[in-house]
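Please prepare a short briefing on this model.

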Amino acid sequence: MEINKVMVIGAGQMGSGIAQVCAQAGFAVKLNDMKEEFCQKGLGVIAKNLARNVEKGRMTEEEKTTILARITPSLDLQDASNVDIVIEAAVENMEIKRSIFGRLDEIAPQHAILASNTSSLPITEIAAATTRPEKVIGMHFMNPVPVMKLVEIIRGLATTDEVYQAVEEMTVKLSKTPVEVNDFPGFVSNRILMPMINEAIYTLYEGVATKEAIDEVMKLGMNHPMGPLQLADFIGLDTCLYIMEVLHEGFGDSKYRPCPLLRKYVSAGWLGKKSGRGFYIYE
Ligand code: CAA
């Protein structure tokens, strides 16, 4: 099962990062989104990241040009007709993902692997929208993709060893570290990270400390690169709430109850860095 040609669906923060690391590793990449402007925005971010690598002397201008030339924008899912793997990084919505996977199943070659970068949705349920559940797998990259080393690889109920191995090998080629996990709500990363973030929000909600103090405790006391409230802003408060809801519903356990303050911020449109305001204000 050799992987050479990749299609990434979604040219947003995660999708463009995934396309970048794939192109840097030598894969031919189609970067698909619904509108030309979304693809161009994603390509712009990639070009900027690569330019920084040139400035820092980690890459030549020629290498940058070669990497960028490996990425072709795509506006049509039909372009999946000759790829070896599709990595879907579209919006976190089960209906949308199932519809994308159903169409990809009709378009992509029989041998193609269909991977999802979902942060918490069940891979098994996404796989059930296809006639090839054995070739459906989770490939959960961390944000910012070019910097973070981990790819959490999630086996759906039907995923075969052969498919798992091909994805693990590809992850190593991307200079990332694969970690194998099974398909349960939040997998491993978000089952542990999100309750910590949610608890930090409860700590603020109950007036135990200021947001700055909470972040400082976790940064200096636990050696985390960012405090949990700053990290929540960075991930997006809507995403944090969504993942807490997946955990709450998936396990039916009140320990995963999203903090009311998190709900309030999301209803106010204070979504974190991307909206200019979350727990902190961003210019
Ligand atoms: N894209 C590309 N490169 C980036 C970047 C981005 N968005 N953000 C930062 N970088 C690069 C910088 O350019 C810099 O590279 P150089 O050394 O070449 O200059 C390097 O990363 C370090 O950046 P900074 O010096 O600006 O800042 P920093 O040292 O604070 O690091 C950070 C930034 C890597 C984001 C760090 O703060 C960090 O690790 N934060 C935690 C990130 C984290 O926990 N991510 C997981 C989120 S959860 C998730 O993704 C899963 C989910 O499902 C929700």
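How far is an oxygen atom of the ligand from an N or O atom in the side chain of Arg 52? The distance is 3.0 Å, which meets the cut-off for a polar contact (a pair of N or O atoms within 3.5 Å; within protein, one must be able to donate a hydrogen and the other to accept it, and residues adjacent in sequence count only if both atoms are side-chain atoms).

This is a predicted model, in which local features need pLDDT of at least 70 and side-chain atom pairs count only at pLDDT 80 or more, while totals for chains, interfaces and linings use all residues. Residues are numbered from 1 along each chain as its sequence is written, and side-chain values use heavy atoms, with hydrogens and water left out.

- The side chain of Lys 56 has an N or O atom 2.8 Å from an oxygen atom of the ligand.
- His 140 places a polar side-chain atom 2.8 Å from a ligand oxygen atom.
- On its own the ligand has 1,000 Å² of accessible area, of which the protein covers 63% (Shrake-Rupley method, 1.4 Å probe).
- Two or more residues of the shell around the ligand come from each of α2 (36-55), α7 and α9 (helices are DSSP runs of H or I, at least four residues, and strands are runs of E, at least two, numbered from the N terminus).
- Around the ligand there are 18 residues, and Lys 56, Arg 58, His 140, Asn 143 and Asn 190 come nearest (a residue is near if one of its heavy atoms lies within 4 Å).

**Ser 119**
- Ser 119 sits in the loop between β5 (113-116) and α5 (123-127).
- Its relative accessible area is 11%, so Ser 119 is buried (buried is under 20%, exposed over 50%, partly exposed in between; 1.4 Å probe, protein chains only).
- The side chains of Ser 119 and Glu 92 make a polar contact of 2.8 Å.
- Beyond four places in sequence, the contacts of Ser 119 include His 140 and Asn 190 (contact means heavy atoms within 4.5 Å).

**Helix α9**
- Helix α9 covers residues 228-235, and its buried residues are Pro 228, Leu 229, Leu 231, Ala 232 and Asp 233.
- The cover over these buried residues includes α7 (189-205), α8 (211-222) and α10 (237-251).
- Gly 236 follows α9 and has a positive phi, near 110 degrees.

**Aromatic rings**
- One aromatic cluster is formed by Tyr 265, Trp 270 and Phe 279.
- Tyr 265 counts as buried because its relative accessibility is 16%, whereas Trp 270, at 29%, is partly exposed.

Technical notes
Rings of Phe, Tyr and Trp (its six-membered ring) pair if their centres lie within 6.5 Å; planes under 30 degrees apart count as stacked, over 60 as edge-to-face and the rest as tilted.
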